[in-house]
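User: Hi! I am new to reading protein structures. Could you show me how to go about it, one feature at a time?

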Amino acid sequence: MLEPHYNTVIIGAGPAGLIAGVEAFNPNHSIVILEKMHKTGLKLRISGKGRCNITNEESMQSFLNRFGKKGRFLKYAFSQFFNHDLLKYINDLGVPTKLERGGRYFCESDRATDIVVAFEKKLSDLNIPIAMKTHVTGIQKIDGGQYVLQVKQGEHQTQVLADQVCICSGGLGYPATGSTGDGYTMAKAFDHTIVDTAPSLVPVLTAGDTAKRVMGVSLRNISLSIWDEGKKVAEMFGEMMFTRKGVTGPIILTLSETLVAMLESTKEVQIKIDLKPALDHKKLDQRLLRELSNNSKQNFRSLLKSLLPLKMIDLFVDLLEIDPAKKLHQVTGEERKRLRMLLKEFPMQVIGHDSYDRAIVTSGGVSLKEIDPTTMESKLTSNLYFAGEVIDVNGETGGYNLTSSWSTGFLAGRSMRNNDFGR
Ligand SMILES: Cc1cc2nc3c(=O)[nH]c(=O)nc-3n(C[C@H](O)[C@H](O)[C@H](O)COP(=O)(O)OP(=O)(O)OC[C@H]3O[C@@H](n4cnc5c(N)ncnc54)[C@H](O)[C@@H]3O)c2cc1C
C-alpha cells in the first residue's frame, strides 16, 4: 500500500535505483522505490549471462575512455565511487566477488541474482519499501515545488506526492526487463533534451548466407576492421562469433555503436576480418609457401585444416573456388594469393543491426548538459535527479555500464540524502 506522500521517490529498481535507495537513506526522510515489473533488477539478473560482470579492474582514465567523449561526465561520480569501492560495497552486502580474464569482476557464485537479493535485504533492513508492479505513468511539478506522480498498480490508478524524485528507469534495450524508455518521456515533461537514442552493444546483420554457414563458430585473437568507401574507420582486436543472421561477440558489440551510426547514413557497411593478425601479408605468404612445399603431396583441404576452424573450411573452398582435392604442389601463385587475401581480409557486408530487443545498452538519453555531474540533479528543475542508463552515457562491454549505473545511482542517492528540499 502506497503512502500519499514521500520525501523521496525513486523510479525503477534496477542497479541505479537500488543503490540510490540505499544511499538516500536518512532516518528523517520517508523513501520508496517504485518498480513496474513483478521482480526487482530483471536486467541485472540476466547481466553477464546470469553471472553479472560487475565492474572492471582498469584504471580510472582507461575506464572513462570506454565511454568515449561522454566519459568525462562520469569523472566526478567515479571520484566518489569507483570499481574497488563498488566491489567492497557488494562484498559488504554479503556477496563475494572474483576477478577473471580481461580485468572483469563477477560474483564468486556466478549468480547475478545474489546481488539483487542482497540489495533487497539491505533496503528492507533500512525500512525502505520497494513497491512492485507499480508503474509511474506521469509526473509533474506543482506550486510549492513538490512532484505529483501518476501511478498505476494493475487497474488501480493513484497519485503520489514527493519532495524529490530520482528517475532510474533505464534505457530501451531488452524491453521485457522493464526498460521501455519511460524515463525519457518523464524528463521531457521538464523540458529536458533527449539525445537521439539507438541500440548499442547490439549484434549486427550481414548480407548473404556466409554467417549462417558458419553459425556458432567463435573466432579468438582476430582483428576486425570497418571500412567506409575504401577507408578504414575503425579496427579492433579480440573475439567474435557468427550467428544465423550476422555477427556478434565482444568486438562486434563494442564496434556496434559505430556500425549502427554508419548504417544510418549508408545502407551497407563493409567489415573485414583478419584471421591471422599476428602475421603481416609478407610473413603469411612465407608461411603458406612453407606449408605448400613441406606438405606438397597433401591436398588443399588439409592445408585449410591447419589454418582455420573446421566449420569454416567448406566456406573457404567455395569462396576461393579451389578444388579441395588439389595437391599442394599444384596450387598456383595466384591461388596462394587469393587464400592469403581471404585470410587477412575476409569481407562481410553489414546490412543492419538487431533491434532494441537484443541491445545490451541504449546510446543517447537525457542530455548530459542538463545534469549536474557532481550531484546528478537536473539543472532545469530542482529536486529531480537522474541515474543509470536513462542518462546519455553508455560504454563498452566489460563491466563498464553497470559501474556507471551504480556510481551515478550512488551519487544521486547521497545527494538526495542530504537534501532539505530548499526548506
Ligand atoms: C543481456 C544483458 C546483459 C548485460 N550484462 C552486463 C554486464 O555483465 N555488465 C555490465 O556492466 N552491464 C551489463 N549490461 C548492461 C546493464 O545491465 C545496464 O546498463 C544496467 O542494468 C542499467 O541499469 P539501470 O538501473 O539504469 O536500468 P535497468 O537495469 O534497465 O533498470 C530500470 C528499472 O526501472 C524500471 N522502470 C522503468 N520504467 C518504469 C516506470 N515507468 N515505473 C516504474 N518502474 C520503471 C524497470 O522495470 C527496471 O526495473 C547487460 C545488459 C543486458 C540487456
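**Reading helices and a strand residue**

Analyst: Happy to! Let's start with a contact between two helices: H281, L284, D285, L288 and L292 in α10 meet R336, L339, R340, L343 and K344 in α13. The residues of this contact divide into five nonpolar, one polar and four charged. Keep in mind that this is a predicted model.

User: How are α10 and α13 arranged, and at what angle do their axes cross?

Analyst: The general idea is that two packed helices are described by the angle between their axes and the distance between the axes. Here, the axes of α10 (residues 281-294) and α13 (residues 333-344) come within 10 Å and cross at roughly 130 degrees. α10 and α13 are therefore oblique to each other. The crossing of α10 past α13 is right-handed.

User: Is K232 buried or exposed?

Analyst: K232 has 10 other C-beta atoms within 10 Å, so K232 is exposed. K232 sits in strand β13 (residues 231-242). Leaving aside neighbours within four places in sequence, K232 is in contact with S225 and W227.

User: And how many residues of α14 are buried?

Analyst: For buried, the cut-off is 20 or more other C-beta atoms within 10 Å. In α14, 16 of its 18 residues are buried, and the helix is mostly covered. Helix α14 spans residues 400-417 and reaches 26 Å from its first C-alpha to its last, close to the 26 Å expected at 1.5 Å a residue.

How values were computed
Residues are numbered from 1 along each chain as its sequence is written. This is a predicted model: local features need pLDDT of at least 70, side-chain atom pairs count only at pLDDT 80 or more; totals for chains, interfaces and linings use all residues. Axes are lines fitted to C-alpha atoms, for helices over the stretch in contact, and angles run from 0 to 180 degrees between N-to-C directions. Helices (H or I, at least four residues) and strands (E, at least two) are DSSP runs, numbered from the N terminus. Angles under 35 degrees count as roughly parallel, over 145 as roughly antiparallel, 65 to 115 as roughly perpendicular and the rest as oblique. A crossing is left-handed if the near helix is turned anticlockwise from the far one by less than a right angle, and right-handed if clockwise. Two residues are in contact if their C-beta atoms, placed from the backbone, lie within 7 Å. Ala, Val, Leu, Ile, Met, Phe, Trp, Tyr, Cys and Pro count as nonpolar, Asp, Glu, Lys and Arg as charged, and the others, Gly among them, as polar. A residue is buried if 20 or more other C-beta atoms lie within 10 Å of its own, exposed if 12 or fewer, and partly exposed in between; C-beta atoms are placed from the backbone. The expected span of a helix is 1.5 Å times one less than its number of residues.
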